[in-house]
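I open this notebook to record what I looked up, starting with the fold of one chain and moving on to its contacts.

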Amino acid sequence: MDLRFTETQEILRKTARDFLATECPKTLIRELEQGEMGYCPELWKKMAELGWMGLIIPEEYDGIGYTFQDLAVLLEEIGRNILPGPLTATLNSVFAILEAGTEEQKKELLPKIAQGELILTPALLEVDGVFDPSGIAVRATPKGDDFVINGTKLFVEMAHVADYILCVARTKDGTPPDKGITLFLVDRNAPGLSCEVIPTTAEDKLCEVRLEDVIVPAKNVLGTIDEGWPVVEVMLRKGAIAKCAESIGAIQTCVEMTVAYAKERVQYERPIGAFQALQHKMADMWTAMETSRYLVYEAAWMESEGLPCAKEASMAKAYVNEVYRHVSKWSVRLHGAIATSDDHDIPLYYRRSKAADIAYGGTDFHREIVAGKIGLI
Amino acid sequence: MDFSLTEEQKARRREFYDTCKQLDKEKPASLVGFEAIYELDECWDYNLYCAGEFAKRGWLALAWPPEYGGKGDMMDRVFFSEARGYYGIPGVDIFGVQMLAPTLLEAASEEIKREFLPPIARGEVMWCELWSEPNAGSDLATLSTTAVRDGDEYIINGQKTWNTGAHRAHWGFGVFKTDPAGRKHHNMTFILLDMKTPGITVRPIPYLDGSAPYCEVYFDDARVPAKNIVGQEHEGWAVVNLLAGFERSGINEIMNMLRGLEELVAYCNETKRHGQPLARNPLIRNRLAELACELEAARALAYRVADLQNRNEMSLMDASAGKIFFSELGERFAFLATDILGPYGQVRTSRWAPLNGVWEKMFHEHFITTISMGTNEIQRNIIAWYGLGLPRMR
């Protein structure tokens with residue numbers, strides 16, 4: 001046991017921190033929230049040069065070949081600086097390709113992803129808004145060598161700028177909900193596909209994706225037909241841990257900003273940080289952060305080692321969802337009215353706590369998984 | 001970052017678990033909770049028996065230097081603590097083995113080490129702590145019990161309180177004012193004393209559940225040898241701080257809660273209400289899952305603290321955070337479990353008590369961890385002042 005970062009991880013961390021501090025100021029984040037694209041192509045290119053999209057892609061596909069745990073270290077820095085854009089959407093699609101892609105698909109897609117030439121995004125949710133297989137109603141029907149997809153996907157992150165949408169669709173009816181599901185790589189420019197950005201709390205460009213008789217060639221089926229749900233479970237598990245890593249970084253920023261402000265803001269002739277009412281709240285925020293941190297690191301380590309970790313991943317997600325929400329809320333509260341202003345940086349984090357919570361499963365969804373894993377019948 | 005254990009570590013861990021599992025089978029049914037060993041004779045005897053079993057294996061001297069009979073390393077201590085926590089096995093004197101021994105190794109003279117460490121390692125001498133006083137709790141530096149030097153003795157007068165198991169302990173360690181005119185923090189001495197010394201009177205204090213594991217200790221011209229001090233005379237405060245620094249990771253309590261969760265899950269699977277197992281009740285599922293998440297978070301943080309300690313590093317903040325978190329988790333767990341048990345959640349160990357009444361016991365016992373070893377409010381001060389650098393209260 002050695003719970004320190006490796007030298008590689010320390011370098012990755014420092015590089016990312018320095019890079020984001022200069023390349024991703026809060027002014028850019030606000031611009032991207034207001035703009036239509038939601039990401040900055042020049043910045044995306046620089047990130048590709050740093051190898052971020054290819055971080056966990058094996059070297060044989062022109063990636064860096066780092067571990068999942070290394071990725072978690074990077075994502076923590078991404079979260080510290082709440083970098084907007086399709087990075088996590090693309091990375092989560094990479095999880096699925098690595099898990100279920102054919103050699104041909106990997107050879108075609110992964111090098112381009114690593115180069116920053118392709119943006120992918122998974123399309124899981126639909127009108128039901130649930131992450132379990134019962135929510136998948138979008139229909140894919142075989143037609144000759146192709147499939148025809150019809151239906152509406154919702155809350156698809158940055159679908160409007162993606163090259164491929166990784167669409168989870170039903171290919172067989174009359175089976176248990178988790179059977180008869182297939183994954184498709186759908187060209188976003190395919191005829192019959194349209195995207196519309198949904199206004200959301202975090203202005204993070206979640207899209208409605210409508211598919212009307214969209215034709216997908218059989219070569220774009222990812223994994224085995226009708227057997228796609230286990231791949232979705234991998235995405236949910238890895239996606240949940242990855243999102244937690246991001247959240248840890250965001251939580252850290254909230255704590256740091258609040259402590260710094262409490263030291264400089266003077267009321268009653270002393271810094272407000274001198275009052276125990278506030279000190280204990282900040283101590284609680286710090287404690288919540290540290291308890292989250294090692295829970296997430298443990299899950300990331302297990303994922304990295306290929307150990308079964310559905311329980312730990314869900315524990316981390318369910319727990320961190322709550323911590324991010326509470327810490328960012330208390331960051332606003334301890335700053336006082338100033339942090340309710342849209343010009344303040346803290347609300348950027350508070351609003352994203354909602355997005356982070358929903359992504360890859362909310363608290364109750366993951367608690368139900370945990371309930372089963374601890375042995376409740 | 002690596003959470004894995006080596007094969008050798010796994011084997012040693014297994015040995016600790018196997019031994020504790022065996023001892024669990026011999027445990028008296030009346031031993032419920034952490035403090036019952038001080039309460040009932042059969043539980044105290046079992047405590048001594050376990051201590052003897054551990055001593056035979058050298059496990060009361062884990063991570064001590066070899067010249068004092070030590071074996072193993074800090075990780076062994078963690079595994080041993082896990083195993084004892086999981087099976088709820090006593091036998092490791094929290095005061096002698098966990099607090100005093102590392103303090104002696106760090107701060108005592110060679111003579112004191114040679115005299116006091118071996119009986120601790122043999123599990124023969126049990127200790128109690130003599131710190132708090134009626135008017136000196138968290139603000140311990142204001143204590144007033146005096147030890148006046150008289151030749152090669154101290155004459156002690158005053159009163160200590162909240163002394164866990166003082167009525168059972170053979171020896172006690174405490175801080176006493178030796179220089180009433182001296183500056184704060186430079187006026188007290190850390191003294192080791194035989195609890196049978198004439199002039200010492202021990203009175204158990206009735207605890208809120210009717211048990212009496214804590215005592216008050218009165219000193220009336222009690223004469224103790226002046227050679228039995230740790231650190232320099234009048235510099236006991238430094239020793240107190242050193243001892244407080246030997247924070248436990250909390251892994252013992254956390255593993256105890258983990259077993260408690262497993263048993264509660266089994267109870268929910270077996271027990272029907274409204275015609276279906278309690279385990280099918282979505283509210284109970286959600287609340288137990290929430291607790292399981294927090295428990296895993298506590299465990300991961302405890303490993304972080306243990307990992308630091310194993311490398312002789314120390315994060316005061318993480319140790320304080322861990323203590324706050326696992327102790328308040330204990331409160332939440334006691335409340336949740338007694339909620340789930342419904343009317344049976346109020347039944348003390350007896351025929352109608354599910355799970356041997358452990359949750360009724362925990363409804364009272366959780367205060368031990370939130371209040372002792374530096375109250376959680378003091379821990380929050382530590383995080384705020386020393387960790388976050390916020391201005392200290394004047």
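I began with contacts in chain B, counting two residues as touching if their C-beta atoms, placed from the backbone, lie within 7 Å. Among the contacts with a separation of 6 or more, 68% join residues 24 or more positions apart.

I noted that this is a predicted model, in which local features need pLDDT of at least 70 and side-chain atom pairs count only at pLDDT 80 or more, while totals for chains, interfaces and linings use all residues. Residues are numbered from 1 along each chain as its sequence is written, and chains are lettered from A and ligands numbered from 1 in the order in which they are written.

I then looked up the elements of chain B and found 11 helices and 10 strands, taken as DSSP runs numbered from the N terminus (helices H or I, at least four residues; strands E, at least two). The C-alpha atoms of chain B fill a box of roughly 75 × 50 × 45 Å along the principal axes.

Next I turned to where chain B meets chain A, a contact that takes 42 residues from chain B and 41 residues from chain A. On the side of chain B, α7 (251-270), α8 (282-310), α9 (316-341) and α11 (376-387) each supply at least two residues, and the largest share, 16 residues, comes from α8(B).

Last, I checked the domains of chain A, whose bounds come from an automatic or database domain assignment: domain 1 (7-118), domain 2 (122-229) and domain 3 (230-373). The C-alpha centres of domain 1 and domain 3 of chain A lie 21 Å apart.
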